[in-house]
2 protein chains.
Amino acid sequence: MAKVQRNTSDLLLRSGLDLMSQEGLSGVTLGRLAESVGISKSGVFAHFASKEQVQLALLEYSTRFGASIVLEPAMRAPAGLPRLRAAIEAWFGWAPRAGLPGGCPIAAAMFELDDVEGPVRAKVLELEAAWRATLSELVSEAQRSGELCADLDVAQLVWELCGIYLSHHVSARFVRDPSADRRASIAVEALIARAKAGAS
Amino acid sequence: MAKVQRNTSDLLLRSGLDLMSQEGLSGVTLGRLAESVGISKSGVFAHFASKEQVQLALLEYSTRFGASIVLEPAMRAPAGLPRLRAAIEAWFGWAPRAGLPGGCPIAAAMFELDDVEGPVRAKVLELEAAWRATLSELVSEAQRSGELCADLDVAQLVWELCGIYLSHHVSARFVRDPSADRRASIAVEALIARAKAGAS
């Protein structure tokens, strides 16, 4: 029984992640989730007490899921600039590469929830800050190895990197521009060149 | 009577734009719109045949509304780099400066509609392409005046500029980071410096 419960819970999360990736947080309702897994709405209630609980669980799950896609290949690259580059390469376009039918749920949530107060917004904020901290740590590693300038404004670099990520997301998924990857790569390399030169 | 109709239509658009800016396109329903203006749902039907018609009208209206905020000050600046800079300054954060209660409806729509086919997606795509064409024209003007490098990849510059805009949107509206304007300004100036040097 515990095993069945566990499997249904995993199934709900995996199916909910697909839904969230295509339709955003507001598209994830208990009814839609029940339908997608083929169980009753009360069956979903056995796992999650409310729509908000589902959304919070899915956000956690999506970052655990995403981190394995993005960070594992990065950790196999040598520390410093190669690891930073590997992380960026695995990060951009991670959602379709991970088999999600839609885009990055966190990117979409940052536009969906900018005016919505509450625990779901707070969770996205927390996950976004954690990801920026991870990127900052990778940049700092490349500084310590002497590959990037020591007096670099790390937060600025990460801020700009997030902009390139968002532009790539729009370009690849919304505009469906075949040059999205190439444009992102040019922008990232220019940013790294600036970070080597140490210009703020 | 024509005057009353006209005024109600204007009121519906203005009120709908506020709604769209806070809740995204999916938040704009005929019912919500009727409620926000204080008329009956059938009163809204007298102006728009469907939710889709409202969304299309609102998207058109938001860019006409936004263009007056962004382009009018830019056109008062001298042609070339000063005009490009004035347009960027007026563009970043235009929505709150225009008195909208939420963020840029087009930016949010590009994440909301990336997996939704149909005329609303096509309209956002058309408006986004038109805005990129306007930005490209401003960059080309600065090239012709000799302020930016002649062999610059204009589409790449505009692509990166859109990324800085999106990062600023997230930073100012979602993260509510007080340094959002400063970070955007550093990123824009670095992009312009690269465009002067002609590095791709």
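Trainee: Which residues does B:W94 touch, not counting residues up to four places away in sequence?

Mentor: In this predicted model, B:W94 touches B:S62, B:F65, B:G66, B:I69, B:V70, B:L100, B:C104, B:P105 and B:Y165, where contact means heavy atoms within 4.5 Å. Local features here need pLDDT of at least 70, and side-chain atom pairs count only at pLDDT 80 or more. Residues are numbered from 1 along each chain as its sequence is written, and chains are lettered from A in the order in which they are written.

Trainee: Why is B:H169 called buried?

Mentor: Buried means under 20% relative accessible area, exposed over 50%, and partly exposed in between, with a 1.4 Å probe and protein chains only; B:H169 has 7% relative accessibility and therefore counts as buried. B:H169 lies in helix α9 (residues 154-175) of chain B, helices being DSSP runs of H or I with at least four residues. B:H169 touches residues of chain B, including B:G103 and B:F174, and also A:F111 and A:D114.

Trainee: Why are α8(A) and α9(A) called oblique to each other?

Mentor: Their axes, lines fitted to C-alpha atoms over the stretch in contact, with angles from 0 to 180 degrees between N-to-C directions, cross at roughly 120° and come within 9 Å. Angles under 35 degrees count as roughly parallel, over 145 as roughly antiparallel, 65 to 115 as roughly perpendicular and the rest as oblique, and α8(A) and α9(A) are therefore oblique.

Trainee: Which residues of α8(A) and α9(A) make the contact?

Mentor: Among them are A:E128, A:R132 and A:L135 of α8(A), and A:V154, A:L157 and A:W159 of α9(A).

Definitions and conventions
Heavy atoms only, no water. Helix = DSSP H or I, 4+ residues; strand = E, 2+ residues; numbered from the N terminus.
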